[in-house]
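Please look over the sequence and the model shown here before reading on.

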Amino acid sequence: MDNEADVFYRELPKVELHAHLNGSVSFQTIEKLIHSKPQLNIEHSMTAIGKGQRRTLDECFQVFKVIHQLVDSEDDIFMVATDVIKEFAADGVKYLELRSTPREEITTGLTKRRYIETVIQAIQQCKKKGVDIDVRFLVAIDRRNGSQVAMETVQLVEEFFLSSDGLVIGIDLSGDPTVGHGRDLLSALQRAKNSGLKLSLHLSEVPSQHDETDLLLNIPPDRIGHGTFLHPEMGGSQGLVDKVVQKSIPLELCLTSNVKGQTVQCYSDHHFKYWYQMGHPVVICTDDKGVFATDLSHEYKMAATTFGLSREAVWKLSQQAIDYIFAPDSVKELLKQKWRDLQPQEFK
Ligand code: IMP
Ligand code: ZN
């Protein structure tokens with residue numbers, strides 16, 4: 001049974017800006033995939049990290065490999081994207097930026113182009129069916145694949161940027177942060193920026209990435225994913241913090257992901273506190289709601305209970321996230337109107 005607080009957080013209109021498609025696949029959708037591919041012998045314990053469990057970051061990336069085995073055809077991608085979009089909508093998310101790394105699979109004939117087209121089709125289908133959520137797509141570059149793949153990805157995304165009617169709006173840089181170096185990806189990312197694509201970069205997700213972060217901040221990105229080790233208390237530096245503050249780059253913060261992936265020791269140690277208290281733009285996100293067994297309502301609730309936020313402050317936090325979306329101002333205005341319509345009288 002949902003208690004009153006759960007209802008409040010679910011009904012709170014929310015913006016989700018950091019959600020990896022294959023990390024967001026729910027238990028129910030994984031169940032369907034497991035059934036359709038029994039020969040893989042995959043179990044639920046291999047695709048999600050349950051309550052109270054934790055994994056090293058390396059183990060988390062093994063989990064993505066297992067999910068990729070289950071999601072390897074156009075049909076799978078269409079189903080997964082459709083389910084994920086509907087689940088976010090059911091959780092009260094009104095605007096979603098979904099990110100995903102295009103893959104090719106020789107055995108199923110999947111190409112990177114078809115991968116992107118299929119995600120777009122799923123978004124369009126949900127819209128046609130009246131699912132109450134505005135969805136955009138950020139195409140991801142996996143840092144492990146190096147400079148050439150990064151450049152090819154940007155070139156492909158430029159085509160969709162022009163032809164997808166505003167659905168493909170940006171690039172994400174993600175993947176195992178311990179592999180590869182941002183300097184190899186700099187020219188691809190700069191090209192994307194010059195083409196008008198928005199950039200969200202995973203930065204300082206692990207310690208000792210000072211030089212890479214400093215370099216990539218010069219582009220500059222439009223948003224930062226995690227930024228866990230940017231600030232001096234976490235081994236970062238005041239110089240990095242100053243750059244982020246001066247350029248006013250919003251941070252996408254994913255509490256449960258960081259705790260379960262063990263880059264943050266516990267919820268109360270999360271860097272949300274540092275940036276939020278400073279008044280810097282932050283957005284609460286899920287990262288991988290399937291893998292980390294969470295949803296956006298739960299993330300808001302955890303932030304509120306851990307850091308003592310009032311309901312009014314929570315409302316403000318979800319409303320301010322509208323300012324940091326990548327869609328144009330006309331979309332921001334529509335969302336702001338939606339928030340005004342839904343806002344309880346006592347917070348007006
Ligand atoms: P996909 O891009 O839809 O296949 O989603 C899974 C992929 O997202 C993983 O293989 C990683 O490349 C990326 N990813 C998911 N979570 C994280 C994270 O916390 N840090 C860096 N990359 C991530
Ligand atoms: Zn991420």
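Which element gives the largest share of the shell around ligand 1? The answer is H3, from which 3 residues of that shell come. Before going further, note that this is a predicted model, in which local features need pLDDT of at least 70 and side-chain atom pairs count only at pLDDT 80 or more, while totals for chains, interfaces and linings use all residues. Residues are numbered from 1 along each chain as its sequence is written, chains are lettered from A and ligands numbered from 1 in the order in which they are written, and side-chain values use heavy atoms, with hydrogens and water left out.

Around ligand 1 there are 17 residues, of which His68, Ser100, Thr101, Glu205 and Asp288 come nearest; a residue is near a molecule if one of its heavy atoms lies within 4 Å of it. Sorted by class, this shell has 3 nonpolar, 9 polar and 5 charged residues, where Ala, Val, Leu, Ile, Met, Phe, Trp, Tyr, Cys and Pro count as nonpolar, Asp, Glu, Lys and Arg as charged, and the others, Gly among them, as polar.

An oxygen atom of ligand 1 lies 2.7 Å from a polar side-chain atom of Ser100, and an oxygen atom of the ligand lies 3.5 Å from a backbone N or O atom of Leu21. With Gly175 the pair is formed by a polar backbone atom of that residue and a nitrogen atom of ligand 1, at 2.9 Å. Taken alone, ligand 1 exposes 490 Å², and the protein buries 97% of that, with accessible areas coming from the Shrake-Rupley method with a 1.4 Å probe, and with only the protein chains shown counting as cover for residues.

The space that ligand 1 takes is the largest pocket. A pocket is found on a 1 Å grid over the protein atoms alone, as an open set of points with protein on both sides within 12 Å along at least five of seven lines, whereas a cavity is a set of points where a 1.4 Å probe fits but cannot get out, and lining residues have an atom within 4 Å of a point. A molecule sits in a cavity or pocket if more than half of its atoms lie within 2 Å of its grid points. The elements that give two or more residues to the shell are helix H3 (57–70) and strand S2 (93–100); helices (H or I, at least four residues) and strands (E, at least two) are DSSP runs, numbered from the N terminus.

Two side-chain pairs within the protein come next. Asp172, placed in strand S4 (residues 168–174), counts as buried because its relative accessibility is 0%, buried meaning under 20% relative accessible area, exposed over 50%, and partly exposed in between (1.4 Å probe, protein chains only). The side chains of Asp172 and Arg99 are joined by a polar contact of 2.7 Å, that is, a pair of N or O atoms within 3.5 Å, of which, within protein, one must be able to donate a hydrogen and the other to accept it, and residues adjacent in sequence count only if both atoms are side-chain atoms. Ser204, in the loop between strand S5 (198–203) and H8, is buried as well, at 2% relative accessibility, and its side chain makes a polar contact of 2.8 Å with the side chain of Thr213.

What remains concerns the backbone in the loops. In the loop between helix H9 (238–246) and strand S7 (251–253) is Ser248, a residue other than glycine whose phi is positive, near 50°. Ser248 is partly exposed, with a relative accessible area of 43%. Lys247 has its place in the loop between H9 and S7 and counts as partly exposed at 32% relative accessibility. Gln262, which is not a glycine, has a positive phi of about 65°; this residue is in the loop between helix H10 (255–260) and helix H11 (272–278), and at 36% relative accessibility it counts as partly exposed.
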